[in-house]
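Please look through the structure shown here with me, as a set of questions and answers. Each answer works through its steps before it gives the value or name asked for.

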Amino acid sequence: MSTLIRRETRPFLELFDWMDTPMTMFRPLLGQGMRMEDFVKDGHYVVRAELPGVDPDKEVEVSVNDGILSIRAERKEEEIDKTHSEFRYGIFSRRIVLPAGADDEHVQAIYDKGILEVVVDLKDKEVKKAERHITIKQPKLATK
């Protein structure tokens, strides 16, 4: 993963950068996160992830295994002389536990204008069974 060297000293602005990503020191170990949102709409579980500047055919992988959706992307840094950059480069990844009823056989992924949208079908909710009353048993008392 490439690192960016800042050429100017801006202590107050660097403080705000640190507050934006307080776990920056652990990033090489954890990988970078991506901003995302998820919701249920029209019987589908939808995950949207911000991935601007990546080629979805070459730099994005989406997979589902054992009820876990994995999204992995890589943004490569161009080798040009920069004086300032706030772009994040490297590998971005997220793993999301799919909700109960998610049909991991029917998953679609669409990339448009920097947003990756993954749509997972939700199986019809099981028909609720009628309430069943349980008889409470009591131990018989021994008669003397």
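## Salt bridges, hairpins and the sheet

In this predicted model, the side chains of Glu37 and Arg48 meet in a salt bridge, with 2.7 Å from N to O.

Q: Which strands hold Glu37 and Arg48, and how many residues apart in sequence are the parts that the pair ties together?
A: The salt bridge between Glu37 and Arg48 has an N to O distance of 2.7 Å, which is within the 4 Å that defines such a contact. Glu37 lies in strand S1 (residues 36-41) and Arg48 in strand S2 (residues 44-50), so the pair ties together parts of the chain whose separation in sequence is 11 residues.

Q: Is Glu37 buried, partly exposed or exposed?
A: Buried means under 20% relative accessible area and exposed means over 50%, with partly exposed in between. Glu37 has a relative accessibility of 39%, so this residue counts as partly exposed.

Q: What is the distance between the closest N and O atoms in the salt bridge of Glu117 with Arg48?
A: A search of the whole structure finds 2 salt bridges, and one of them joins Glu37 to Arg48. Glu117 also forms a salt bridge with Arg48, and the closest N and O atoms of this pair are apart by 3.5 Å.

Q: In what order do the strands of the open sheet of 4 strands stand, and which are the edge strands?
A: The open sheet has antiparallel pairing and its strand order is S1-S2-S7-S6. Neighbouring strands of this sheet are turned against each other by 20° on average, direction ignored. Two of the strands pair on one side only, and these edge strands are S1 and S6.

Q: Which residue has a positive phi near 50° although it is a residue other than glycine, and is it buried or exposed?
A: The place of the residue is in the loop between S1 and S2, and its relative accessibility is 68%. As exposed means over 50%, this residue counts as exposed, and its name is Asp42.

Q: Which residues does Gly43 touch, not counting residues up to four places away in sequence?
A: Gly43 lies in the loop between S1 and S2 and is partly exposed, with a relative accessible area of 40%. Gly43 and Leu122 are 79 residues apart in sequence, but their C-alpha atoms are 5.6 Å apart in space. The residues that Gly43 touches are Asp121 and Leu122.

Q: What is the phi of the turn residue Lys113 in the hairpin of S6 and S7?
A: Strand S6 (residues 102-112) and S7 pair in the antiparallel sense over 7 bridges, and Asp112 stands opposite Ile115 in S7. The hairpin has 2 residues between its strands, and Lys113 is exposed at 76% relative accessibility. The phi of Lys113 is positive, at about 55°.

Q: How far apart in space are the C-alpha atoms of Phe92 and Ala73?
A: Phe92 has its place in strand S5 (residues 90-97). At 6% relative accessibility, which is under 20%, Phe92 counts as buried. Phe92 and Ala73 are 19 residues apart in sequence, and their C-alpha to C-alpha distance is 5.2 Å.

Terms used: Residues numbered from 1 in each chain as written. Predicted model: local features only at pLDDT ≥ 70, side-chain atom pairs only at ≥ 80, totals over all residues. Heavy atoms only, no water. Buried < 20%, exposed > 50% of the residue type's maximum accessible area, 1.4 Å probe, protein only. Contact = heavy atoms within 4.5 Å. Pairing = 2+ DSSP bridges. Axes fitted to C-alpha atoms, helices over the stretch in contact; angles between N-to-C directions.
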